[in-house]
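Welcome, and please open your viewer before we set off.

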Amino acid sequence: MSKNRPISKNIKSPYGGETNVLVIRLSAMGDVAMTVPVLRTFRATYPDVKLTVLTRKFFEPIFSDIENLEVHHADVTKKHKGVLGLTRLSSELKKLGIDVVADLHNVLRSKVLKTLFSLKGIKVVQIDKGRAEKKALTRSQNKEFKQLKTTHQRYADVFDALGYPIDLKNHKFPKKQSLTPNIQALTLNSTKKWLGIAPFAQYESKTYPLELMVEVIEELDKEDQFEIFLFGGGKREIDILNNISSKYKNVTNAASKLSFDEELKLIGNLDAMLSMDSGNAHLAAMYGVPTITLWGVTHPFAGFMPFGQPLERAILPNLAKYDQIPTSIYGNKVPPGYQKVMHSITPKTVIDAINKL
């Protein structure tokens, strides 16, 4: 459990009594992970306020180190599907004694829930995603290339609007979690530096070319200084990682060999993580693990830099050659000629960054 102490003594809920704040963040994994530093800081600031997080059942282990927090499972494909399902869900949540709602997602489903809660007199504040700013950042003409507010701060702003101001500068990371027997069997308690590598992302436009990543892994394996753990999900990715790990002495595929809860414990015990602009970067960063990220057509200026990581740990393509970057926020828009932006990041650049850490 987190040992964070209150940042300020005797901070009371503006709503009186033992308030229960509902936090909505249904997906995706990286966005869910980015709520954790914010919720830890909230917990340390307001230790008597209960937090109820509405998210997918699979994500529940992400919140395991935060005290006085309950996860309510959203089954949006079956039980809570459609307006009738969301009405059922709002009734379930109302029975939990929800007092106010922090909607950190702001999508159609959460907007329906907002309406249902508002009809019952429950205050809801939704995240401002900064769509206009992000559109200006990603357009090809008259681009406004500047650092936007981080997603973590946008989350914190929601709590501020509810009457719970928090300062993310006061965040404290939890202690490293104990390793389970399954993890110990996988790591063999190696005394080398533990390096995680997560080579996949949702879109090819922000995925480092596999042949180049193999060069990185091969060189690091030769150095014999690292125990390398590969992370991914889904049959195709697992098959690729199994093939890679079978060829190298110091490389182990962690995917499919551990439960998600155990994967998180292993990630939290890494010495460093190498990831794309993807969920695994945020999982590592929420434990304070030094995280190097590789970026394609997206850019840290959009606000998705992993929590607490300095900008120098973001390795970017050749921006002089590919001057329209970022072309999109999530990597789903690739202009002609931008299909191979990540080829401009050399394996040596990546290896040097890891060795520097």
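Start with the largest pocket: 49 residues line it, and those nearest its centre are Ala-28, Asp-31, Gln-202, Lys-206 and Tyr-330. Select these five to find your way in. On a 1 Å grid over the protein atoms alone, a pocket is an open set of points where a 1.4 Å probe fits, with protein on both sides within 12 Å along at least five of seven lines, and lining residues have an atom within 4 Å of a point. The space in this largest pocket is about 1200 Å³, a volume being the space filled by probe spheres set on the points, which are joined across faces, edges and corners.

Before going further, a word on what you are viewing. This is a predicted model, in which local features need pLDDT of at least 70 and side-chain atom pairs count only at pLDDT 80 or more, while totals for chains, interfaces and linings use all residues. Residues are numbered from 1 along each chain as its sequence is written, and side-chain values use heavy atoms, with hydrogens and water left out.

Now colour the pocket lining by class: 19 residues are nonpolar, 16 polar and 14 charged. Here Ala, Val, Leu, Ile, Met, Phe, Trp, Tyr, Cys and Pro count as nonpolar, Asp, Glu, Lys and Arg as charged, and the others, Gly among them, as polar. Which helices each supply at least two residues of this lining? They include α1 (29-45), α4 (131-138) and α5 (151-162), and also α9 (260-268) and α10 (279-285). Helices (H or I, at least four residues) and strands (E, at least two) are DSSP runs, numbered from the N terminus.

Stay with Ala-28, which sits in the loop between β1 (20-24) and α1. The peptide bond that leads from Ser-27 to Ala-28 is cis, with omega near -15°. Most residues other than glycine have a negative phi, and most peptide bonds are trans. For another cis bond, select Ile-325 and Pro-326, where omega is about 0°; Pro-326 belongs to the loop between β11 (314-315) and α11. Then try Asn-68, a residue other than glycine whose phi is positive, near 55°, in the loop between β2 (50-55) and β3 (69-73).

Next come pairs of helices. Show α1 and α5, whose axes are 9 Å apart and pack at an angle of about 50°. Axes are lines fitted to C-alpha atoms, for helices over the stretch in contact, and angles run from 0 to 180 degrees between N-to-C directions. That angle makes α1 oblique to α5: under 35 degrees counts as roughly parallel, over 145 as roughly antiparallel, 65 to 115 as roughly perpendicular and the rest as oblique.

Move on to helix α2 (residues 82-95) and helix α3 (residues 108-119), which pack at about 55° with axes 10 Å apart. These two are therefore oblique to each other. Their contact includes Leu-86 and Leu-93 of α2 and Val-112 and Phe-117 of α3; by class, seven of its residues are nonpolar, two polar and one charged.

Our last stop is helix α7 (residues 210-223) with helix α11 (residues 347-356), whose axes come within 9 Å and cross at roughly 40°. Look here for Leu-212, Glu-215 and Glu-219 of α7 and Val-350 and Ile-354 of α11, among others in the contact.

Key:
Contact means heavy atoms within 4.5 Å.
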